[in-house]
Amino acid sequence: MSGHPGDRMDEDPEDPIAGVETFATQEQSSKVLHTRRSGSFPPAWLLGNFRDPAGERTSRSVGAKASDKSDGAIWQRWKSKMRMSAEALDGLDKRPDVSSDSVRSQSSDRLSDASLTFKEVSFDVRLRSGETKQILAPTSGHYESGNLVAIMGPSGCGKSTLLDILAAKKSGGYSGTIHFNGRPRDHLFQRVSAYVPQEEAMPKCLTVMEAMEFNSNLKIERPSRMTWKMQRMWLERRLAVLGLEKVKDHYIGDGTSLRGISGGQKRRLSLAKRLASGARVFFCDEPTSGLSATDAEAAVRYMKHMCGYYNILVFVVIHQPRIEVAKLFDELLLMTSGPGRAVYNGRMEDVIGYLHNVGFEVPVHANPLDFFMDLVTPERSDARVDTFVQHYRQNAEHQVASRVEAGLQVELPGAFQLLEEVHHQAQKWGSMNPLRNSVYARRFRSQLWLVFKRQLILRSRDKRGFLADLLGGLAKAVVVGVVYMRTGELGAAQQTAFFFMLCMTCAIDGLKSMPAIIGERSIVKMEASEVLYSEWAYILSFGVLNTLQMLLVHSIFITVLFAMSGLRWQMYGDVYLWSTLLAATMNALYLMVAAIAKDATTAIVFSSPFMMLFLLFNGFTATRSSVVPWMRWAIDISPVAYSIQQMVYAAKHTYADEENLVQGYENVIQLSEYKDQPYTAIAVVAICFGIFKSVQLTSFRLLNNIQR
Ligand SMILES: Nc1ncnc2c1ncn2[C@@H]1O[C@H](COP(=O)(O)OP(=O)(O)OP(=O)(O)O)[C@@H](O)[C@H]1O
């Protein structure tokens, strides 16, 4: 069997195989391919610009010289591989005991072994009173791939704390050691592990397959001769393992404005995305909470599939599962609270025997886990916490300790070697860049392109939002234009009032961009903490697209308004330039606030003082001589004031042949203490823009780091 990024490789069967499943997939895929290439937007090049398996034209240069024959051979090998993995998957589905070794060994996609060992991991916090509180007492464990591990215990016992420490979500503040594959965890651990939050924010207008492609492309580089269609087949296998193949072309949705996949399917998509990223160890924080009993069971059952089929290690923090669900877990780490301490750490099937050894018999028809949980929940009157803690210390702790020591003796390939193994095998499908020894699997420019591409797709699908923005700009221009229709015939004071109103309108227009960045922040926070891409990649792509859209809407607004005002077209260039600089600077200000604020309401509240400062100290209604001397600086730094000032000078030059107007403008200049200083004006506007952008970028990054 031949390989693909993330799979273990065996020998390639060279014979061409056209299995039923393969054909079905091929047909579906080509249907989508056809739809995407037939002129719809986003265009095909945006969604995937890769060679058709049949050797058709490609825009990807690497591998373009390969002969059709060898491309055909690659395609046949790939089809054969996919068919065999589909058969193995079918076999897995049909077996009631999904974890049986015989079924596992059928899996051609089985990843190499991995283990996680933690020794004496504890966590203390310093309270405001100065005291230290132990949240998690020293806890140890050793777990190997192919196992589904349940972490259970009463509320507040430190399950999530332990999970966060193991997943490297907590960068410090804990003691103890954590080893991956018998070696100390290093910076590459994040590339081979995945943290799955309780509920994940995902872009609603993306399809399930596109979400998979996004994660996969950011974590695993596609070899040059692996086509878009081949990658899709590979991702379909991952979706099939989690029971999502039927919804692969459905939108994710948000359940309200866009009905997408169900809540249970979303949870499974969270897993599938990480699977497509090549993760070997999963840390899932309450993946079943909020789901119906049926969906919760399905989620755990699919996790079990994933574990067995790919040989993955999965930790799941879970609250009192039903007996059918509990039985799916291989291992159990049960904790009690006050502080968090282990009271059981072993195979799930041994729980009843363990309870018997401690002196408790599980009542007939009772769920053993419910029974056990009740006994170790300190708040319950029938709890026997001390008995279990003591029994664990005297009889079980040393067994766990020896498992840990044995685990530490076995040095499996480290994260880099695992990545190298995958990289090496993937090279069978074409050339690739050298493997990066960085937390980011892809270079910054690839991250930027992939993030930009997704943003463009999402924006292109939000046609209503775009149209509303465009029509809003047009309507605003018409309304303001009707008010100032005779401006061209009026005196300098009235014309300056028009410039003032125009600048005010441009200055507040950017407020509407705030909800977009706030809405996407939780998605970016999650993805950036998973080191899919750097925050800069997001901020840059958002900035470019937001600016382009703003420029388009702004241009329509200014042009229509200017045409209606009746002013001479000679000064259109100046009006356009200064209003655009002002709009861009104020937009940067609003995005800066949006990057800091908790939510949209807070952002509006925060942005008001800044907005008022610039709008009120505008040099026209409040001049340098009319404001208190100690507030004159506000006019000196106001982009609004500089924009009005430069428009006034432009008008004075434009109407140089009309004596009355020139005189009128002289009066305005004198009253408002204006100076014709275009370079100072540009410098001030550019400095403001630079400061707002820098604060936005830094705070976005800082906030993400704090919350990581
Ligand atoms: N950084 C911290 N500072 C103060 N207290 C903390 C900190 N981290 C965790 N805790 C406290 O430690 C306890 C354990 O929290 P944790 O979220 O790990 O528990 P849990 O078992 O996952 O709870 P639940 O099942 O309710 O989600 C809680 O009381 C929590 O408030």
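Two strands count as paired if DSSP finds at least two bridges between them. I applied that criterion throughout the entries below, which concern a predicted model.

**Entry 1: the sheet**

I looked up the strand order first. I found an open sheet of six strands, ordered β6-β7-β8-β3-β9-β10, with mixed pairing. Strands β6 (193-196) and β10 (341-347) form the edges, each pairing on one side only. From one strand to the next, I noted an average twist of 15°.

I then turned to the pairing of β3 with β9. Strand β3 (residues 148-152) and strand β9 (residues 331-336) run parallel and are joined by four bridges. Which residue of β9 is the bridge partner of M152? I found L334 in that position. As background, I recorded that strands of a sheet pair through backbone hydrogen bonds, either parallel or antiparallel.

**Entry 2: helices on the sheet**

I looked next at what covers these strands. Helix α9 (residues 263-276) packs on the sheet and touches β6 and β7 (281-285). The direction of α9 makes about 165° with that of β6. Helix α14 (residues 385-409) lies across β9 and β10, and I noted that α14 runs at about 50° to β10.

**Entry 3: the nonpolar core**

I asked which residues of the largest nonpolar core touch the most other members. They are F282, M306, V314 and V316, in a core of 170 residues. Helix α21 (residues 572-596) supplies the largest share of this core, with 15 residues. I also noted that domain 2 (115-423) and domain 3 (444-707) each contribute at least three residues to this core.

Setting aside residues up to four places away in sequence, V316 touches L148, V149, A150, I151, C284, P287 and M303. The general expectation I kept in mind is that nonpolar side chains tend to be buried together in soluble globular proteins.

**Entry 4: α18 against α25**

I checked the axes of helix α18 (residues 492-509) and helix α25 (residues 659-672), which come within 8 Å and cross at roughly 60°. That angle makes α18 oblique to α25. On the α18 side, the contact is made by A492, A493 and T496. On the α25 side, I listed L661, G664, Y665, N667 and V668.

**Entry 5: F360**

I located F360 in the loop between α12 (351-358) and α13 (368-375).

**Entry 6: α5**

How many of the eight residues of helix α5 (residues 159-166) are buried? I found seven, and the helix is mostly covered. The buried residues of α5 are K159, T161, L162, L163, D164, I165 and L166. Just after α5, I noted that A168 takes a positive phi of about 65°.

**Entry 7: the whole chain**

The protein has 26 helices and ten strands. Of its 708 residues, 44% are buried. Among contacts between residues at least 6 apart in sequence, I recorded that 76% join residues at least 24 apart.

Technical notes
Residues numbered from 1 in each chain as written. Predicted model: local features only at pLDDT ≥ 70, side-chain atom pairs only at ≥ 80, totals over all residues. Helix = DSSP H or I, 4+ residues; strand = E, 2+ residues; numbered from the N terminus. Buried ≥ 20, exposed ≤ 12 C-beta atoms within 10 Å, placed from the backbone. Contact = placed C-beta atoms within 7 Å. Axes fitted to C-alpha atoms, helices over the stretch in contact; angles between N-to-C directions. Core = buried A, V, L, I, M, F, W, Y, C linked by C-beta atoms within 7 Å. Domains from an automatic or database assignment. Parallel < 35°, antiparallel > 145°, perpendicular 65-115°, else oblique.
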